[in-house]
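Subject: Structure handover

Hello,

Here is the structure I promised you. Please open it alongside this email.

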Amino acid sequence: MEDLHASRVAAVAGGVKGEGGFRGLRSGLSMGGMNRVAIFSVYLLGVALVTGVVWWTTLGGAIETAAAKGRSDLSLAADRLVLELQRARDLSVHLSDDPRLLAMLESRGDDAAIARLLEATADRAGASDVVLLRPNGLVLSSASGVAMAEPQARWLERTRHGALGFGPTSMGRDFTNAAPIFGTDGAVMGAIAVSRSLTTIERSWRGAPQAIYFSDGAGRVLVSNREELRGPPLRQVKTPIRGLDVRRLDAGPYLPRHALHLELPLPVIGLTAEILLDVAPARDLAFARAVAVGALLLVVGAALAFLWDRRRTLAVANVMLERRVAQRTAALEASNARLTAEVRERREAEAALTRTQAELVQASKLSALGQMSAGISHELNQPLMAIRSFAQNAEVFLTRDKPEAAARNLDRIGDLARRMGRIIKNLSAFARAEPEPAVPTDLVAVIASALEITEGRCISGGIDVSCDVPETSVWAMGGEVRLTQVVVNLISNAIDATEGAPVRRIEVALTDHPPRIAVRDTGTGLADPDRLFDPFYSTKEVGQGLGLGLSISYGIVSGFGGRITGRNVPDGGAELIVDLQQASPAEVAA
């Protein structure tokens with residue numbers, strides 16, 4: 001990988017604009033490919049080595065664990081056999097002190113009584129035979145009635161010297177324990193022998209899972225829980241593992257093919273306890289772990305190989321990409337410079353357009369004021385003429401000493417002055433361009449102000465205006481001045497739309513929950529409702545409007561979180577609807 005990285009660096013540093021660096025990279029990649037075969041070969045060899053070590057280590061540990069358990073099982077089996085045989089030894093020692101047996105040896109006893117004694121003792125102890133005999137092997141009495149003995153038996157030889165005797169019999173599968181009987185002068189007069197059947201003892205071991213057997217000094221198997229072990233000697237091949245005696249057997253289906261052999265000397269009975277443990281579970285465990293480790297290492301190796309190939313592929317692609325980037329950098333820089341200049345020019349144009357639009361908006365508002373000037377002049381002229389008339393009448397009433405009548409005229413003059421003040425205030429607020437935040441606003445007052453501003457145009461144009469508003473206040477989030485501008489704009493457009501219509505009528509309606517203002521006219525309707533709120537869109541004659549009124553109204557209503565829409569009505573004409581957000585009682589109270 002270091003060669004590959006060095007080739008890549010050389011290609012990028014020295015040959016980005018030519019082909020030499022790329023050829024150097026391909027040469028480095030080719031050398032890396034040849035080295036990869038060698039590396040993978042070494043890796044596979046390492047995987048095999050690690051797998052073998054895991055197999056050997058696991059096998060040895062599993063066999064040692066099995067050996068520890070086998071020693072415990074063998075010890076328990078040996079203790080059971082020793083206990084069974086020592087019962088016979090204790091019985092023989094107990095009978096050797098019976099004076100009736102000594103009297104029998106001294107020819108003073110009753111043969112029938114002694115035979116019954118021995119037979120009863122054998123029945124109670126579960127012994128195969130109880131025999132009274134002289135030191136030369138002559139049987140005087142026995143529980144089974146057999147009058148034969150083995151004068152050369154080792155157990156009988158020990159009793160002649162006054163010791164306890166034990167050992168197997170050659171005439172049957174019995175194990176005999178014998179105790180000497182001493183005369184009054186201390187001489188050995190005879191012996192009492194108790195025999196246990198080894199076949200009976202074996203019968204209780206047949207269900208044990210391990211093959212356990214007991215052999216004498218000559219290697220002859222005397223007791224076993226497997227019949228195959230008491231036959232001819234087995235063919236065994238020793239294959240030690242970690243110093244343990246592992247053997248390969250060929251002894252049928254009931255003995256393991258590969259077995260761990262353990263033994264335990266039992267000098268107390270003159271036998272050796274042995275056990276054969278199946279090592280197949282240990283081999284299976286070792287094989288499974290070795291396969292798992294090998295598979296894991298192979299997966300890791302495959303992942304490393306994949307990452308290596310991916311890195312080589314990415315290295316080639318990266319060098320090619322860097323070459324292309326280097327070739328296009330100059331062109332991109334030139335294009336970027338041109339784009340920067342164009343963006344600067346576009347921003348300057350947008351700033352100029354924004355200023356122009358703002359000026360046009362204000363001009364549109366002033367144009368609307370100009371259109372309403374005639375009606376407003378009429379509205380202001382009437383109160384002025386009335387004020388002059390009431391003032392002259394008040395002067396006459398004062399000269400005639402009628403102050404009450406003069407006071408009534410003065411009150412009327414005050415009402416007319418307040419009305420003129422409201423008209424002028426609404427016009428001044430309409431002409432201002434300052435924005436205002438959304439606050440709880442009484443829409444009833446907004447509609448009243450808008451109708452008062454447009455009253456002059458409606459009267460001069462002979463337009464029938466109907467207003468359907470609740471008697472109580474309807475509160476919405478907005479601004480009184482800005483919303484008044486919106487309603488004035490809608491009514492003004494409705495006045496223009498009814499120009500030339502057979503019936504000139506405008507309906508203004510206000511509903512609550514949610515707050516909604518609707519302005520309907522009996523004009524010609526909307527030619528293109530989808531473009532209704534586009535800036536500079538107008539269906540009026542040239543010089544009669546800039547097409548910004550509804551666009552401005554749309555911006556004002558949207559700024560307050562509301563919505564303004566327009567539609568044609570089936571009976572003719574158009575209807576524009578303003579939906580606003582409801583003001584909460586807490587906001588109204590604040």
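Below is what turned up, part by part.

Please keep in mind that this is a predicted model.

Start with the open sheet in the order 13-15-16-18-17. Five strands make it up, and their pairing is mixed. Strand 13 (464–468) and strand 17 (563–568) are the edge strands, each pairing on one side only. On average, neighbouring strands here are turned by 10 degrees against each other, direction ignored.

Inside this sheet, look at strand 15 (residues 505–511) and strand 16 (residues 516–521). They pair in the antiparallel sense, over six bridges. Ala-509 faces a residue of strand 16: it stands opposite Ala-518.

Two helices pack on the sheet. Helix 10 touches strand 15, strand 16, strand 17 and strand 18 (574–579). The direction of helix 10 makes about 15 degrees with that of strand 16. Helix 11 touches strand 17 and strand 18. Its direction makes about 140 degrees with that of strand 17.

**Helix 10 against helix 11**

These two helices also pack on each other. Helix 10 covers residues 480–497 and helix 11 covers residues 549–559. The angle between them is about 150 degrees, and their axes are 10 Å apart. Their crossing is left-handed.

Which residues make the contact? From helix 10 come Arg-482, Gln-485, Val-486, Asn-489, Leu-490 and Asn-493. Helix 11 supplies Gly-549, Leu-550, Ser-553, Ile-556 and Val-557. By type, the contact residues divide into five nonpolar, five polar and one charged.

A second open sheet has six strands, in the order 7-6-11-10-9-8. Its pairing is antiparallel. Strand 7 (221–224) and strand 8 (236–238) stand at the edges. Each has a single partner strand, so one side of each is left without a neighbour in the sheet. From one strand to the next, the twist averages 35 degrees.

Strand 10 (residues 258–266) and strand 11 (residues 271–278) run antiparallel, joined by eight bridges. His-261 has Leu-276 of strand 11 as its bridge partner.

**A hairpin**

Strand 1 (residues 129–133) and strand 2 (residues 139–142) run antiparallel, with three bridges between them. Val-131 stands opposite Ser-142 of strand 2. The hairpin has five residues between the strands. Gly-137 takes a positive phi there, near 95 degrees.

**Aromatic pairs**

How many aromatic pairs does the structure hold? There are two.

One is Phe-40 with Trp-308. The pair is edge-to-face, at 6.1 Å centre to centre and 90 degrees between the planes. It links distant parts of the chain: Phe-40 is in helix 2 (residues 20–96), Trp-308 is in helix 7 (residues 280–399), and they are 268 residues apart. Are these two residues buried or partly exposed? Phe-40 has a relative accessible area of 29%, so it is partly exposed. Trp-308 is at 9%, so it is buried.

The other pair is Trp-55 with Trp-56. Their ring centres are 6.2 Å apart. The planes are at 40 degrees, so this pair is tilted. Trp-55 is partly exposed, with a relative accessible area of 30%. Trp-56 also counts as partly exposed, at 39% relative accessibility.

Best wishes

Conventions. Residues are numbered from 1 along each chain as its sequence is written. This is a predicted model: local features need pLDDT of at least 70, side-chain atom pairs count only at pLDDT 80 or more; totals for chains, interfaces and linings use all residues. Side-chain values use heavy atoms; hydrogens and water are left out. Axes are lines fitted to C-alpha atoms, for helices over the stretch in contact, and angles run from 0 to 180 degrees between N-to-C directions. Helices (H or I, at least four residues) and strands (E, at least two) are DSSP runs, numbered from the N terminus. A crossing is left-handed if the near helix is turned anticlockwise from the far one by less than a right angle, and right-handed if clockwise. Contact means heavy atoms within 4.5 Å. Ala, Val, Leu, Ile, Met, Phe, Trp, Tyr, Cys and Pro count as nonpolar, Asp, Glu, Lys and Arg as charged, and the others, Gly among them, as polar. Two strands pair if DSSP finds at least two bridges between them. Rings of Phe, Tyr and Trp (its six-membered ring) pair if their centres lie within 6.5 Å; planes under 30 degrees apart count as stacked, over 60 as edge-to-face and the rest as tilted. Buried means under 20% relative accessible area, exposed over 50%, partly exposed in between (1.4 Å probe, protein chains only).
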